[in-house]
Amino acid sequence: MKNIGQADKKIYQNIIYPVAGTVLTALLLTAVIESLSRKSLYQALLFLWQEPLLFFLNFSVILITLSVTLLTARRRFFYLLITGAWLILGIVNRVVQCFRLTPVSAMDFYQVKEVIRSLPMYMNTIGLIFIGILVLAVIAFLIILWRRLKVSKRLIIAPLSLLAFSSFLFAFLFFAATRDNILQKNFDNLRDAYLEYGFAYCFSNSIFERGIDKPKDYSAKRMEEVLKHVEAEPDKLYTGKKAEVEKPNIIMVQLESFFDVNYFKNYTFSENPIPNFTRLKENCPSGFLKVPVYGAGTVNTEFEVITGMSMQFFGTGEYPYRTVLRSKTCESVPFNLGRDGYHSFVIHNNTATFYNRNDVFPRLGFDYFDSCEYMNGLTYNKIGWAKDDVLTGEILKALNSDAERDYIYTITVQSHGIYPVGSEDGMKIKVNPASQDIQYPDELYKSLSDYVSSMEYYVNQLKETDQFVGALTESLSKYKEPTVVVFYGDHLPPLSLEQKDITNDRHSTEYVIWSNFPMEKTRYDLPAYQLSAYVFNRLGMEDGILTKFHQRCFEDENYKEELKLLQYDMLYGKKYVFDKKDPNGKKDMAMGIYQPEIQKVTKEGDSLLITGSGFTECSMVIAGGKRCKTEFLSDTALRIPDSKLEGKQILVEQLAGKKSVLGKSKAFQYQAAKNKNK
């Protein structure tokens, strides 16, 4: 009897307890994470009641990860680690959704540096200190756990059985859900997908779904058929009267979170914050623009407009700027126009390293990138974003920098969220709710008045961006060269807008096409990846395979299928459409429109005065190979301490942050007596 008792004890310890405990933990984790994602336990239980198949699909994902930990000798440590990781992910997702509309995906962990840099714009000093302490506490806790939870005897039967069961359960539920069209592998909108399919499944999907799946019919013959189809078709995207102009300057202006607030249903405004954009809509070609993101994700709209590629074929929550474009080039407007003699510029009043743009843009064919590190006269709003009024001068500088025609892609940033709560002096535009009973995002705001004040901050920033729109068109109306400007919003603002709150589609912004030459006024709605092709169609231009494809084939039955084939072939396939040779080599892109230049170094007391041109507050003097304490005086003058630098080479670096070197001037040989440049 004693031996039987010992045998039962071992069965309980090695099989029943581990299995039952793991299953129960996975079940509780699923319920807790869904409660956090859906903002209440009731909504999580409602998800279980209404969609049990999807609930247990998420349960099986968590169960698989916990089952794997039981195979290790330090199973207690890894079990707690994975359990904690799921809980932290759920909490982080809940917090993130308080600051933006999109939930956490694997792509967010590719942006850790950018997130850290941006934290001061979203949190005060106390909040930052709290996060720092919390991170240190978690690290210390893990170290203590590792030391306290010693190596245990390996279990075999229980973890293998549980892993097999959870894997089978996932496969069965996944098959059943996809067969009945309950579940999709790719999502058009992350926020909706997480609510519809569950956090664990969607987040896991974002880890493994990358790039574009190889189409089943992909082959050299199929791509040849697509190309022949493109060449055989006439223009269909725009069939009206083409503009009577040859090779105009083309300026695309992507307006951050730009939205006509008159589409709000339950709010009115003391004045229209966007009178210039409204005037352009009334007098110029315009329409709604279907964008791939909602409330955030600027660079994916940017990617679609520059390349003509659709984000719908990429992985869950993917940013091509973070994946494929880190190592490959891509057919784009700058590459195509470059073959026609255009010079291409990017102008952005934010740091060059955000979303790795300084690394991505040369792979998209740009010749110059003028970021905030190369700009003077910048002013900033309350939450630290550069104001957009500086951009008019930068665009004119680019236009006047050469005698060639230019393609200038401009990205604004002033109206970037999250928008602060609380009244601010100088708020010219007031927001008036239709009643005090209007529903507002109460999980983010304490009261309707807080939500209104946040909206007021946004519309007043919007007004200043609209003033930039007016100033730019006014300046270019006097410009001698033919020039066309396309203004469009990248996505709706992060104000937690539901579809019921607005009259237009929440995935649609608007565009207008202004020019200093006659263009036929039309109203036409289109997706962002067709915008450039549409503009070129109106100008009688058709540079690039994707441009011609959109112009000629967008109404065809196999349009989406062939667009996916083209995108896969260009980025991941054998490049059959290019005869297996990539025609687009990475550009040797210059940072800034003009480089900093040292013209003279003179001694002034205990300091050296560096005079030249192109200096900004991001300029750092390097003397004798060492960085010097640099005082910015003006765009033509810098001052450094004189530390016996005679005979040393002096140059100026442009820095993003404290470490990232974006560019540098030519070296200047300092001679105290002769002060001569060698």
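**Notes on the predicted model: salt bridges, a helix pair and a surface patch**

1. Let's start with a cluster of charges: D217, R222, E225, E561 and E562 are joined in a network of salt bridges. A salt bridge here is a side-chain nitrogen of Lys or Arg within 4 Å of a carboxyl oxygen of Asp or Glu. Over the whole structure, the search turns up 34 salt bridges.

2. Before going on, a word on what you're looking at. This is a predicted model, where local features need pLDDT of at least 70 and side-chain atom pairs count only at pLDDT 80 or more, while totals for chains, interfaces and linings use all residues. Residues are numbered from 1 along each chain as its sequence is written, and side-chain values use heavy atoms, with hydrogens and water left out.

3. For helix α18 (residues 545–553) and helix α19 (residues 559–571), the angle is about 180 degrees and the axes are 11 Å apart. So α18 runs roughly antiparallel to α19. From α18, the contact uses I545, L546, F549, H550 and C553, and from α19 it uses Y559, E562, L563, L566 and M570. As for the terms, helices (H or I, at least four residues) and strands (E, at least two) are DSSP runs, numbered from the N terminus. Axes are lines fitted to C-alpha atoms, for helices over the stretch in contact, with angles from 0 to 180 degrees between N-to-C directions. Angles under 35 degrees count as roughly parallel, over 145 as roughly antiparallel, 65 to 115 as roughly perpendicular and the rest as oblique. Contact means heavy atoms within 4.5 Å.

4. Now for salt bridges inside a helix. The side chains of E34 and R38 meet at 2.7 Å, N to O. Why are E34 and R38 separated by about one helical turn? Because they sit four residues apart in helix α1. E34 counts as buried, since its relative accessibility is 1%, and R38 is buried too, at 13%. (Buried means under 20% relative accessible area, exposed over 50%, and partly exposed in between, with a 1.4 Å probe and protein chains only.)

5. Helix α10 (residues 220–232) holds both K228 and E224, four residues apart, about one turn of the helix. Their side chains form a salt bridge at 3.4 Å, N to O. K228 is exposed, at 54% relative accessibility, whereas E224, at 44%, is partly exposed.

6. E464 is partly exposed, at 28% relative accessibility.

7. Back to α1 for something nonpolar. L24, L27, L28 and F56 make up a nonpolar surface patch, with about 350 Å² of accessible area together. Helix α1 (residues 2–38) gives the most to this patch, with three residues. L27 lies in α1 and is partly exposed, at 33% relative accessibility. Patches take residues with over 30% relative accessible area and no salt bridge, joining like charges within 9 Å and nonpolar side chains (Val, Leu, Ile, Met, Phe, Trp, Tyr) within 5 Å. Areas come from the Shrake-Rupley method with a 1.4 Å probe; for residues, only the protein chains shown count as cover.

8. Last, V661, in strand β19 (residues 660–664). V661 is partly exposed, at 40% relative accessibility. Leaving out residues up to four places away in sequence, V661 touches R627, E653, Q654 and L655.
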